[in-house]
Amino acid sequence: MREPHIDYAEVFRALPGMVALLTPDLVYADANEDFLRLAGRSREQLLGRYIFDVFPENPNEPAAAGMRETEASMLRAVATGERDTMALIRYDIEDPQRPGHWQEHYWSPVNAPVLGPDGKVALIVHRVEEVTELIRARGGPGGDSRARVLEAELYTRARELQEVNERLRTAHAHEREVALALQAAMLPPPGPIGAHDAAVRYRPAIGALNVCGDWYDLVGLPGQGLAVAVGDVVGHGLAAACAMGQLRSALSGATRVADGPAEALEALDLYARSVDGAESTTVVTTFIDWDRHTITYSCAGHPPPALVHPDGTVTFLDGATDPPLAARPTHVARPQARIPFVDDSTLVLYTDGLIERRTEGIDTGLRRLADSLAHHRKHDPETLADALLADLLPPAGTTDDTALIVLRL
């Protein structure tokens with residue numbers, strides 16, 4: 001059976017209830033018939049104009065604050081890519097036939113983003129339920145006075161709740177800024193590592209709290225060897241950033257005196273038991289011996305590093321995997337394994353934000369990583385790191401941060 005042709009532009013215009021489309025700059029792109037009728041504006045008065053030029057705030061009722069809250073809600077939808085539901089607001093509209101005369105209105109708005117092909121917000125769906133007549137009916141002659149009092153209390157509580165939410169958003173945004181600054185200070189670019197090129201990347205998660213549990217490190221070893229590690233602290237925000245900084249520093253110190261990666265992780269495991277928030281941290285570390293062309297590695301519950309051979313085959317270093325830090329009730333020696341490599345191979349270490357998705361198994365993410373590595377293997381580490389992030393991370397970002405090291409062997 002042939003599917004019927006649907007004119008979605010006409011469907012939009014006929015939608016019941018007030019619905020408008022705005023650009024990310026808050027300029028009207030379209031509005032349905034109910035929006036035009038109930039707002040008392042023609043299509044020509046709306047399209048191509050900034051929302052608050054069409055509907056300025058009532059200068060006689062600054063306490064209503066409808067414009068400020070509506071703008072903040074729309075910009076949040078643009079910034080986060082998520083729907084933003086507002087509390088009941090009062091937003092008066094100027095009578096188009098009598099300039100300077102304002103009509104009292106109460107609205108219940110929802111702002112939802114529409115993503116474009118690039119994953120960025122292309123439009124905002126601004127859906128509004130007008131409840132002005134309901135508010136007036138409750139307070140008119142013969143109206144239920146008890147219901148009117150209850151309605152007024154609900155309106156007041158909704159306003160208070162919105163103010164509390166706004167303060168929480170501000171506090172969370174500040175915490176994110178502090179955590180990101182701390183993360184940047186503790187994750188500097190790699191220093192000189194001889195003739196071998198390396199690239200590092202860190203991508204914070206979307207959202208105010210989902211940031212700052214991941215780290216990377218490159219440490220010079222005696223005899224011109226090199227240790228490369230990545231780790232991921234469970235949790236988010238400043239607490240995770242602080243735990244991450246302590247663990248990174250401890251592993252860096254242990255690496256310089258340990259006989260191998262397993263011994264370094266054993267020392268880190270003992271230290272993690274005394275650090276708040278360090279339980280169940282995952283970490284993998286590799287010791288590279290340039291003379292013997294070998295990589296010795298040990299993994300504490302972390303996704304396996306990838307060794308990309310010059311012919312494009314990919315080997316995941318999963319031969320020495322153990323539980324995360326401080327996960328066992330008592331200390332147990334950790335395993336390590338060794339693998340040879342040839343010149344022009346590439347070693348890639350990463351955190352789970354690069355490969356894991358809530359709707360997929362980890363094997364799917366590992367296959368996607370292997371395919372991308374094989375495709376881009378001839379690129380230099382800087383180009384390869386950017387290509388991996390472009391191939392594997394969703395355009396709108398993820399809810400987990402991502403650390404990445406690419407090292408040409």
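Trainee: How much space lies in the second largest cavity?

Mentor: About 40 Å³. This is a predicted model, where local features need pLDDT of at least 70, side-chain atom pairs count only at pLDDT 80 or more, and totals for chains, interfaces and linings use all residues. Residues are numbered from 1 along each chain as its sequence is written, and side-chain values use heavy atoms, with hydrogens and water left out.

Trainee: What counts as a cavity or a pocket, and what is a volume?

Mentor: On a 1 Å grid over the protein atoms alone, a cavity is a set of points where a 1.4 Å probe fits but cannot get out. A pocket is an open set with protein on both sides within 12 Å along at least five of seven lines, and lining residues have an atom within 4 Å of a point. Grid points are joined across faces, edges and corners, and a volume is the space filled by probe spheres set on the points.

Trainee: Which residues line the second largest cavity?

Mentor: Asp269, Arg273, Pro324, Ala327, Arg328, Thr330, His331, Val332 and Arg334. By class that gives 3 nonpolar, 2 polar and 4 charged residues. Here Ala, Val, Leu, Ile, Met, Phe, Trp, Tyr, Cys and Pro count as nonpolar, Asp, Glu, Lys and Arg as charged, and the others, Gly among them, as polar.

Trainee: How many cavities does a search of the whole structure find?

Mentor: There are 4 of 30 Å³ or more. The largest cavity holds about 210 Å³ of space.

Trainee: What lies nearest the centre of that largest one?

Mentor: Phe55, Tyr91, Trp107, His126 and Val128, out of 15 lining residues. The lining divides into 13 nonpolar, 2 polar and no charged. At least two lining residues each come from α2 (33–39), α4 (51–54), β7 (106–115) and β8 (121–130). Helices (H or I, at least four residues) and strands (E, at least two) are DSSP runs, numbered from the N terminus.

Trainee: Last one: where does glutamate 10 lie?

Mentor: In helix α1, residues 8–14. Glutamate 10 counts as partly exposed because its relative accessibility is 46%, between buried (under 20% relative accessible area) and exposed (over 50%), using a 1.4 Å probe and protein chains only.
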